[in-house]
Amino acid sequence: MDRASDEFMLLLTKAQSSIYACIFSLHPDPVAASDLLQETNLTLCRKAEDFEKGTNFTAWATRIARYHVLNYRRRLKREQVIFEPDLFEELCVVQE
């Protein structure tokens with residue numbers, strides 16, 4: 001690793017609790033928040049060269065985290081299975 005990547009990893013490590021707090025405030029499911037943190041970390045590492053040294057790393061990182069949460073929530077919404085009321089009632093009937 002070179003000096004720039006060491007500095008980036010130090011910034012990333014220091015910002016973990018702030019990034020997680022941002023994610024958890026938007027989606028308070030601890031398991032999903034942990035997964036979203038890992039996805040965010042991967043994106044941050046891939047975009048390390050896009051970070052402008054001297055700017056606010058945490059603000060940049062949490063903006064990327066918010067995009068991950070929004071995309072996750074969109075996926076959840078699309079994947080929801082909605083039953084028609086009649087089918088739902090039929091599925092809920094207990095067989096004797």
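**Exercise 1. Find which residues of α1 and α3 meet, and sort them by class.**

Step 1. List the α1 side. In this predicted model, F8, L11, L12, A15, S18, I19, C22, I23 and L26 of α1 make contact with α3.

Step 2. List the α3 side. Here the partners are F57, T58, W60, A61, T62, A65, R66, V69 and R73.

Step 3. Sort by class. The contact of α1 with α3 holds 13 nonpolar, 3 polar and 2 charged residues.

**Exercise 2. Describe how α1 and α3 are placed: parallel, perpendicular or oblique?**

Step 1. Take the distance and angle. The two axes come within 9 Å and cross at roughly 40°.

Step 2. Compare with the cut-offs. Angles under 35 degrees count as roughly parallel, and 65 to 115 as roughly perpendicular. The α1 and α3 helices are therefore oblique to each other.

Step 3. The crossing of α1 past α3 is right-handed.

**Exercise 3. Work out how α1 packs on α2.**

Step 1. Start with the axes. They lie 10 Å apart, at an angle of about 145°.

Step 2. α1 passes α2 in a right-handed crossing.

Step 3. Name the residues. From α1 come F8, M9, L12, Q16, I19, Y20, I23 and F24. From α2 come P30, A33, S34, L36, L37, T40, N41, L44 and C45.

Step 4. Sort by class. The contact of α1 with α2 has 13 nonpolar and 4 polar residues, and no charged ones.

**Exercise 4. Trace the salt bridges: how many are there in the whole structure?**

Step 1. Count. A search of the whole structure gives 2 salt bridges.

Step 2. Take the pair within a helix. The side chains of E7 and R3 form a salt bridge, at 3.6 Å from N to O. Both residues belong to helix α1 (residues 3-26). They sit 4 residues apart, about one turn of the helix.

Step 3. Take the other pair. E7 also forms a salt bridge with K53, at 3.1 Å from N to O. This pair links distant parts of the chain, 46 residues apart. E7 is in helix α1, while K53 is in the loop between α2 (30-46) and α3 (57-79).

Step 4. Join them. Through shared partners, salt bridges connect R3, E7 and K53 into one network.

**Exercise 5. Decide for R3, E7 and K53: exposed or partly exposed?**

Step 1. Recall the cut-off. Exposed means over 50% relative accessible area.

Step 2. Apply it. R3 has 66%, so R3 is exposed. K53 has 69%, so K53 is exposed.

Step 3. Finish with E7. Its relative accessibility is 27%, so E7 counts as partly exposed.

Terms used:
Residues are numbered from 1 along each chain as its sequence is written. This is a predicted model: local features need pLDDT of at least 70, side-chain atom pairs count only at pLDDT 80 or more; totals for chains, interfaces and linings use all residues. Side-chain values use heavy atoms; hydrogens and water are left out. A salt bridge is a side-chain nitrogen of Lys or Arg within 4 Å of a carboxyl oxygen of Asp or Glu. Helices (H or I, at least four residues) and strands (E, at least two) are DSSP runs, numbered from the N terminus. Buried means under 20% relative accessible area, exposed over 50%, partly exposed in between (1.4 Å probe, protein chains only). Axes are lines fitted to C-alpha atoms, for helices over the stretch in contact, and angles run from 0 to 180 degrees between N-to-C directions. Angles under 35 degrees count as roughly parallel, over 145 as roughly antiparallel, 65 to 115 as roughly perpendicular and the rest as oblique. A crossing is left-handed if the near helix is turned anticlockwise from the far one by less than a right angle, and right-handed if clockwise. Contact means heavy atoms within 4.5 Å. Ala, Val, Leu, Ile, Met, Phe, Trp, Tyr, Cys and Pro count as nonpolar, Asp, Glu, Lys and Arg as charged, and the others, Gly among them, as polar.
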